[in-house]
Amino acid sequence: MAAEESKMGELLSHCHESIEKIKSIGSSEEGPWKDLPEELVHNILTHLVGRDFIALQSVCKSWKSSTMSCAILSPCLLVMSSNRLHYPISNSTIANMNIYDCGNTPSSIIRCSNYNWLLMRIDPKNSLIFFNPFTNVKIELPTIHLISSLSCFSFSAPPTSPDCTVFCICTDICDKIYFCILRRFESEWNILEYDRDADFIASSSTSLFYQGRYYYSLSKQGDLVIYDMDDEDEQPQPRWIKSSTSFLRNRLSTKRCQSFMTESDEGELLAVFMSCDGQWVQVCKLDESRMIWVPVHDLGSNSIFISNPATFVETTKIKGTENKIYVPWFRGTNVNNKKNKVPLFYSLATRKYHSFGASASYSSLYESTRPASNTWIKPISHYHLTCTTNLSYKFTW
């Protein structure tokens, strides 16, 4: 761990020196830096993090364009309450997203984020909508009377696709579990009732559409519920899977934990288990031959971006940003005697929390803050970041 922290410190120091040299040369009469090949600029970017990444944008317009195209490829944290996008790797923020007419009130909740769309519960109407925060396109869904008790939302495709299916769960009624399903072009929800497994204690975690099935993550013991909608039975039965090992079950029973599921680029099902204070973190993958969770200690060139509405696995393109878990929490730091909120990440190498551009590390999320109604989202194009229309288009579901 000490070696990893020292390595990060050396990387930051090297970046500071390099960017100052680049800026100095770029402002002199030597060499037209704006004419450097774009692939060379991108190669430089792979060695920069934090404020150095931002400083590179000030060299010239063409370099700023290159840095923007690089930043767009990585997930950003969308904070609806402040209409801001936060890029943790570059420590940069895009403010004033101009999100119009989407019911963006303190009581509105982002339930799921995927394919560049948000599935939101809107109050006081107490209804569900799809909303694209970059194009201001809105799709209103049919009402459902169980909405106040619904949890674990997911959808299988973009809501404009004919293959889109919305899936959510209600576990708050006696010993029953309700699967609520809405397919594109349908005007009513299909609500299926099942007896809940006696050993299954529900948790407010996430669900995931994975390999044609819905995986309801995870009970408080770390187990799974799998629901196959393509089953030939008229009303397919959920599968209750004891996927938690004794080690994981013991850890989860002694801590207040949360969990996040996602699919890797290799098609593996991954889960991040984390205590509510962030002090204990464990990454696992599902061994499908035995249907149990096995520990993962190194993500290689990948990183995981976690939040309740959405969790993504990404292959990071900037050196020093891999093998990390990016969390939707911020911590205050003093920069030039000014309080500044910076996004945090958890390093699997150091087993601590850090932020790019700062040398401090933390063993937990104590004294950090989490903005209300936030989620990771992956912008698709530069247009999405520059769209400022004040119209909210409505599509028919």
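**Entry 1. An open sheet**

I began with an open sheet of four strands, whose order is β3-β2-β1-β25 with antiparallel pairing. Two strands are taken as paired if DSSP finds at least two bridges between them. Strands (E, at least two residues) and helices (H or I, at least four) are DSSP runs, numbered from the N terminus. I noted that β3 (92-94) and β25 (374-377) stand at the edges with a single partner strand each, so one side of each has no neighbour in the sheet. Neighbouring strands here are turned by 25° against each other on average, direction ignored. For such angles, axes are lines fitted to C-alpha atoms, for helices over the stretch in contact, and the angles run from 0 to 180 degrees between N-to-C directions.

I recorded for all entries that the model is predicted: local features need pLDDT of at least 70, side-chain atom pairs count only at pLDDT 80 or more, and totals for chains, interfaces and linings use all residues. Residues are numbered from 1 along each chain as its sequence is written, and side-chain values use heavy atoms, with hydrogens and water left out.

**Entry 2**

L77 stands opposite W376 in β25. I then checked the side chains of β25. N374 and W376 point one way, T375 and I377 the other, and all are buried. Buried means under 20% relative accessible area, exposed over 50%, and partly exposed in between (1.4 Å probe, protein chains only). In a regular strand, side chains alternate between the two faces of the sheet.

In strand β2 (residues 84-87) I found Y87, which counts as buried at 3% relative accessibility.

**Entry 3. Nonpolar cores**

I next turned to the largest nonpolar core, which has 24 residues; F130, L141, L150, V166 and W189 touch the most other members. Such a core is a set of buried Ala, Val, Leu, Ile, Met, Phe, Trp, Tyr and Cys residues joined through side-chain atoms within 4.5 Å. The elements giving two or more residues to this core are β5 (117-122), β6 (127-132), β7 (137-140), β8 (150-155), β9 (165-170) and β10 (176-183). Apart from this core lies another, of 20 residues, including L270, I304, Y346 and L365.

I listed the contacts of V166 (heavy atoms within 4.5 Å). Leaving out residues up to four places away in sequence, V166 touches L119, F130, L141, S154, F155, C180, I181, L182, W189 and W397.

**Entry 4. Cysteines**

I searched for disulfides, taken as pairs of cysteine sulfur atoms within 2.5 Å, and the structure holds zero. C112 counts as buried at 7% relative accessibility, and C164 counts as buried at 1%.

**Entry 5. Positive phi**

I looked for residues other than glycine with positive phi. C152 has phi near 55°. This cysteine, C152, is found in strand β8 and counts as buried at 5% relative accessibility. R351, also not a glycine, has a positive phi of about 60°. R351 is found in the loop between β23 (338-347) and β24 (352-354) and is partly exposed, with a relative accessible area of 31%.

**Entry 6. A loop serine**

I located S243 in the loop between β15 (239-241) and α5 (246-254). Is S243 buried or exposed? At 0% relative accessibility, S243 counts as buried. Without residues up to four places away in sequence, S243 touches G222, D223, L224, L286, M291, I292 and W293.

**Entry 7. Chain totals**

The protein chain has six helices and 26 strands. Buried residues make up 53% of its 397 residues. Among contacts in the protein chain with a separation of 6 or more, residues 24 or more positions apart account for 52%. The protein chain exposes about 18600 Å², of which carbon and sulfur atoms supply 49%. Accessible areas come from the Shrake-Rupley method with a 1.4 Å probe, and for residues only the protein chains shown count as cover.
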